[in-house]
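Here is a short briefing on one protein model. Please look over the sequence and the structure before reading on.

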Amino acid sequence: MSAGYEPPGKAYREFDPLRFPPCECEDCRRRAALESQPLPPTDPVPAPEQPRYVRCPMLGCGRLHPALPDDPG
């Protein structure tokens, strides 16, 4: 493997802390300050209820149809 090899899909400008450890420059200190701040909590967004489908029991049909609302299962 050559010394300048970059794996496919990884951009040159992508920051890799193991390859380029932070130093005392203003940019690294700013980045460290941003990364040390906790992320704001996010409330889960309720998803709309999806219709349930069941396999048709009629011989020869076998398609999926929406389940009846009173179906327990």
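**Cysteines, salt bridges and confidence**

Cys25 is partly exposed, at a relative accessible area of 33%. The model is predicted. Its mean pLDDT is 75.

**Cysteine pair**
- Cys28 counts as buried, with 16% relative accessibility. The cut-off for buried is under 20%.
- The closest cysteine sulfur to that of Cys28 belongs to Cys25, at 3.6 Å.
- A disulfide needs the two sulfur atoms within 2.5 Å. The sulfur atoms of Cys28 and Cys25 are 3.6 Å apart, so they are too far from each other for a bond.
- The disulfide count for the structure is zero.

**Salt bridges**
- How many salt bridges does the structure hold? There are two.
- One of them links Glu26 and Arg30, with 2.9 Å between the closest N and O atoms.
- Both Glu26 and Arg30 sit in helix H1. They are four residues apart, about one turn of the helix.
- Glu26 is exposed, at a relative accessible area of 53%. Arg30 is partly exposed, at 43%.
- Arg30 also forms a salt bridge with Asp27, at 3.2 Å from N to O.
- Asp27 and Arg30 are three residues apart in helix H1, so about one helical turn separates them.
- Shared partners join Glu26, Asp27 and Arg30 into one salt-bridge network.

**Fold elements**
- The protein has one helix and two strands.
- Along the sequence the pattern reads α-β-β.
- Helix H1 covers residues 26–36, and strand S1 covers residues 53–55.

**Surface and burial**
- The protein has 73 residues, and 4% of them are buried.

**Confidence**
- A pLDDT of 70 or more is reached by 68% of the residues.
- Which element has the lowest confidence, and which the highest? Helix H1 is lowest, at a mean of 82, and strand S1 is highest, at 89.
- Where pLDDT is low, the predicted coordinates should not be read in detail.

**Recap**
- Cys25 is partly exposed, whereas Cys28 is buried. No disulfide is counted.
- Arg30 takes part in a salt bridge with Glu26 and in another with Asp27.

Key
Residues numbered from 1 in each chain as written. Predicted model: local features only at pLDDT ≥ 70, side-chain atom pairs only at ≥ 80, totals over all residues. Heavy atoms only, no water. pLDDT = per-residue confidence, 0-100. Buried < 20%, exposed > 50% of the residue type's maximum accessible area, 1.4 Å probe, protein only. Salt bridge = Lys/Arg side-chain N within 4 Å of Asp/Glu carboxyl O.
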